[in-house]
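Subject: Structure handover

Hi,

Here is the structure I promised to send over. Please open it alongside this message.

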Amino acid sequence: MSKKDSYFTPYSGPAGGWGALKSTTEHLLKSDNAVRNVHTLLKTNQPNGFDCPGCAWGEKHDPSKIRFCENGAKAVNWEATGRKVDADFFAQYDVSWLNTQSDYFLEYQGRLTEPMRYNSETDHYETISWDDAFALIAKHLKALPSPDDAAFYTSGRASNEVAYLYQLFVRAYGTNNFPDCSNMCHEASGYALISSIGIGKGTVTIEDFEEADAVFVFGQNPGTNHPRMLDTLREVVDRGAQVLTFNTLKERGLERFQNPQKPVEMMTNSSKPVNTGYFTPKIGGDMAAIRGMAKHLVERQDAGEALIDWPFVEQHTQGFDDYLEKVRATSWEQIIDQSGLKRDEIEHAANVYINANSVICTWAMGITQHHHSVATIHEIVNFLSLRGNIGKPGAGACPVRGHSNVQGDRTMGINEHPSEAFLNALETRFKMPMPRQSGLAVVDTIRAMGEGKIKVFIGLGGNFAAATPDTAATQKALEQCDLTVQISTKLNRSHLITGKDALILPCLGRTDIDRQVNGEQQVTVEDSFSMVHASGGVMEPLSEQQKSEPWIVAGMAEATLGKHPVDWMSLVEDYGRIRELIADTIPNFDNFNNKIKTPGGFYLGNSARDRAWSTPSKKALIHAHDLPENILPAQARNKLTETSLILQTLRSHDQYNTTIYGLNDRYRGIKNERDVVFMNPADIKRLGFSEGQSVDMATLWDDDQERVVRNFKLVPYDIPAGNIAAYYPETNPLVPLDSHGEFSNTPTSKSIAVELTASKSDTDRIR
Ligand SMILES: Nc1nc2c(c(=O)[nH]1)N[C@H]1C(S)=C(S)[C@@H](COP(=O)(O)OP(=O)(O)OC[C@H]3O[C@@H](n4cnc5c(=O)[nH]c(N)nc54)[C@H](O)[C@@H]3O)O[C@H]1N2
Ligand SMILES: Nc1nc2c(c(=O)[nH]1)N[C@H]1C(S)=C(S)[C@@H](COP(=O)(O)OP(=O)(O)OC[C@H]3O[C@@H](n4cnc5c(=O)[nH]c(N)nc54)[C@H](O)[C@@H]3O)O[C@H]1N2
Ligand SMILES: [Mo]
């Protein structure tokens with residue numbers, strides 16, 4: 001077997017089915033806790049169980065169904081491991097050695113079970129009591145000249161209850177510095193939707209998929225990242241409606257799906273398609289593709305057909321005429337060149353759109369992590385508006401969120417630009433002034449740390465050191481802090497890139513039983529469809545020293561602020577008390593403690609769905625953008641040569657963001673390897689490389705910083721010429737901090753200009 005074949009064999013099966021079942025079993029056995037975990041899995045997304053920490057896709061309420069998927073099962077297993085990372089572990093390994101290990105190795109070591117403080121003299125983490133840890137945090141925070149010298153990160157697994165408490169603590173302390181994972185994720189969706197339809201959330205519910213005539217799926221890979229969505233898409237195809245997929249890669253997991261819950265299908269090893277059309281635009285080419293579909297529609301309209309929903313346009317939109325002019329003025333040449341699609345492909349898709357009475361557009365990171373993401377999402381809204389596809393059954397905008405409660409965290413006020421109304425509500429309720437100045441998001445936080453302006457960094461979950469761009473610069477910035485604090489379930493890179501002082505605070509996860517003074521507690525989360533529901537753990541925690549996130553936040557708050565403006569520790573005796581505060585200050589949460597008793601949860605509502613537009617003109621704003629001249633920012637464009645390529649960084653099937661469960665990427669045919677680059681065979685030939693060869697990748701960016709990763713193996717793949725793909729987080733050293741979306745400031749993780757060269761050595765790799 002050649003070197004190449006040993007890690008790359010194209011996958012021929014469907015998504016889901018036996019392949020998924022086999023993999024779930026393997027991961028169960030690997031967790032050292034198989035029996036305990038089967039019990040846990042059966043409680044996933046059940047009325048008396050916990051919300052799956054895997055993704056933010058929603059469910060129809062149906063207690064008869066087993067409701068987890070392969071990747072949800074991996075997430076649950078991973079958290080429910082029996083292995084411990086305790087004081088003995090840290091006594092054995094110093095931080096410098098741990099930092100030479102892979103992300104996979106770090107998390108595999110098990111659950112963090114004791115609070116630890118870094119000792120820079122011994123280079124080891126040592127135990128610290130909870131009280132001393134809180135006192136240390138308070139000392140640092142109180143010593144800062146201004147509360148704006150600290151940053152408080154949130155990752156989207158945090159529950160509504162802890163997110164609310166955290167934002168209250170941080171605002172009472174005096175800052176809006178809330179960088180969060182959303183800044184790297186769906187920020188462009190929030191920004192574009194608020195500035196067009198007046199609300200930064202999707203307008204559809206899961207039931208709308210039962211009525212849609214067509215679903216357009218842009219830039220997402222649900223087979224891996226939202227597997228339960230495949231079930232929904234398949235049902236759409238089954239009832240004869242259309243699903244058109246736009247993805248730069250031919251994703252196996254988006255072609256056919258075998259439903260593990262359908263015995264006949266499993267026994268006969270059959271599968272069903274999850275799309276009726278698959279288009280492979282170039283990286284960043286979706287806005288052009290959508291503009292092309294709009295242009296075809298407008299051309300037919302101008303030729304005398306009645307295709308535009310004029311009553312909707314006239315009653316509900318503003319700026320539509322300017323948009324029509326832009327559509328007419330955009331040339332087919334530019335559309336075809338930028339989208340990489342043929343005109344007849346675009347026209348075919350446009351005709352599907354025109355023939356459908358109700359259309360949903362879904363999207364994820366293939367849309368949001370570009371320089372022109374906000375403009376692209378505005379274009380999606382415009383496209384939907386052409387035929388009144390917002391606020392009617394079976395139609396609407398559906399940004400498919402990533403982390404299981406990232407949407408809820410925003411609803412709870414994790415936002416560096418809080419609304420006036422929210423701050424006013426907090427001031428009235430807590431009778432104290434709230435900080436009014438906008439705070440820092442992720443990219444600006446890193447800049448401020450690098451400039452020595454942010455001195456204390458606290459992370460409520462996540463893995464800031466690995467998930468963020470420009471790894472070398474970011475890690476240097478973190479090291480300049482006086483104190484870094486990570487509230488985490490598992491060991492990761494962010495624990496090893498420390499400030500002068502550093503703490504690891506071990507917390508309970510979604511699957512763990514959370515006991516407080518008034519008994520076992522539940523928390524709540526919000527899915528992509530604005531459904532809020534309760535979640536309660538079912539596993540006995542591994543250690544008494546693991547504390548709940550609300551308890552940890554209350555401890556930090558009380559040590560820093562005393563019992564002001566609330567009695568923090570009394571709030572965490574019973575999370576119902578936190579929910580009462582939420583009900584008092586956030587719209588649509590009235591009667592919260594009762595509403596969460598509803599099986600399946602309750603719907604928060606969405607103004608745009610009701611065609612009520614919370615914009616200054618009280619209409620949906622149609623933004624008329626030109627197509628970008630080039631999808632890259634100028635600093636990259638200036639450096640392009642004939643041999644340059646555009647890289648997108650994505651997830652394998654065996655990872656959850658920076659958490660690496662294994663080294664396979666089943667649907668893409670990769671085994672036991674992560675350092676691969678997917679490339680068009682014609683490009684491999686044109687650039688004089690060969691399949692399986694090791695290459696180094698260097699970023700093209702107009703500054704004097706060298707950004708390189710080494711020894712990535714070339715895999716021939718069905719991807720447009722000029723485009724390549726590789727896994728994140730290994731490729732984060734290549735993303736320049738200054739390369740971010742217009743308006744969204746989201747790192748352009750899906751469009752990085754790079755140059756490839758043959759590797760010189762097989763060992764010398766920069767991370
Ligand atoms: N198992 C698992 N589940 C997850 C996660 C995980 O890591 N593992 N992460 C969670 C999180 S936080 C998120 S945000 C979501 C992410 O979910 P996705 O957005 O599906 O994640 P990515 O792997 O980044 O995939 C991006 C997809 O977009 C395509 N793409 C890239 N650029 C373009 C483009 O310009 N145009 C088009 N049309 N397509 C493009 C890629 O080929 C790829 O299929 O998943 C969530 N769920
Ligand atoms: N190049 C590139 N970079 C990207 C992306 C990309 O596509 N390409 N995607 C971006 C996206 S979409 C996102 S959302 C971010 C993700 O960024 P983050 O959310 O910061 O990263 P994660 O990898 O999800 O965080 C994993 C860690 O969270 C901790 N953890 C897990 N569960 C819990 C819990 O219940 N409580 C607490 N307190 N901690 C917990 C564990 O210690 C684990 O190590 O990365 C972004 N970065
Ligand atoms: Mo995300």
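This is a predicted model: local features need pLDDT of at least 70, side-chain atom pairs count only at pLDDT 80 or more; totals for chains, interfaces and linings use all residues.

**Ligand 1**

Start with the surroundings of ligand 1. The shell holds 32 residues. Glu251, Gly284, Asp286, Gln655 and Asn657 are the closest. By type, the shell splits into 10 nonpolar, 18 polar and 4 charged residues.

The side chain of glutamate 251 puts a polar atom 2.6 Å from an oxygen atom of the ligand. The side chain of aspartate 286 has an N or O atom 2.6 Å from a nitrogen atom of ligand 1. Threonine 224 uses its backbone instead: a polar atom there is 3.1 Å from a nitrogen atom of ligand 1.

How much of ligand 1 does the protein bury? The figure is 99% of the 910 Å² that the ligand exposes when taken alone.

**Ligand 2**

Ligand 2 has 31 residues around it. The closest are Glu107, Tyr153, Glu549, Thr658 and Asn732. Domain 2 (84–185 + 405–589) and domain 4 (634–762) each supply at least three residues to the shell.

Asparagine 732 has a side-chain N or O atom 2.7 Å from a nitrogen atom of ligand 2. A backbone N or O atom of alanine 467 also lies 2.7 Å from a nitrogen atom of the ligand. The side chain of tyrosine 728 places an N or O atom 2.8 Å from an oxygen atom of ligand 2. On its own, ligand 2 has 930 Å² of accessible area, and the protein covers 96% of that.

**Aspartate 512**

This residue sits in the loop between strand 17 (501–506) and strand 18 (515–516). Is aspartate 512 buried or exposed? It counts as buried, because its relative accessibility is 6% and the cut-off for buried is under 20%.

What does its side chain meet? The side chain of arginine 111 makes a polar contact with that of aspartate 512, at 2.8 Å. The backbone nitrogen of glycine 509 is 2.7 Å from a polar atom of the aspartate 512 side chain. Leaving out residues up to four places away in sequence, aspartate 512 touches Glu79, Arg111, Gly537, Val538, Met539 and Pro541.

Best wishes

How values were computed: Residues are numbered from 1 along each chain as its sequence is written. Chains are lettered from A and ligands numbered from 1 in the order in which they are written. Side-chain values use heavy atoms; hydrogens and water are left out. Helices (H or I, at least four residues) and strands (E, at least two) are DSSP runs, numbered from the N terminus. Buried means under 20% relative accessible area, exposed over 50%, partly exposed in between (1.4 Å probe, protein chains only). A polar contact is a pair of N or O atoms within 3.5 Å; within protein, one must be able to donate a hydrogen and the other to accept it, and residues adjacent in sequence count only if both atoms are side-chain atoms. Contact means heavy atoms within 4.5 Å. A residue is near a molecule or strand if one of its heavy atoms lies within 4 Å of it. Accessible areas come from the Shrake-Rupley method with a 1.4 Å probe; for residues, only the protein chains shown count as cover. Ala, Val, Leu, Ile, Met, Phe, Trp, Tyr, Cys and Pro count as nonpolar, Asp, Glu, Lys and Arg as charged, and the others, Gly among them, as polar. Domain bounds come from an automatic or database domain assignment.
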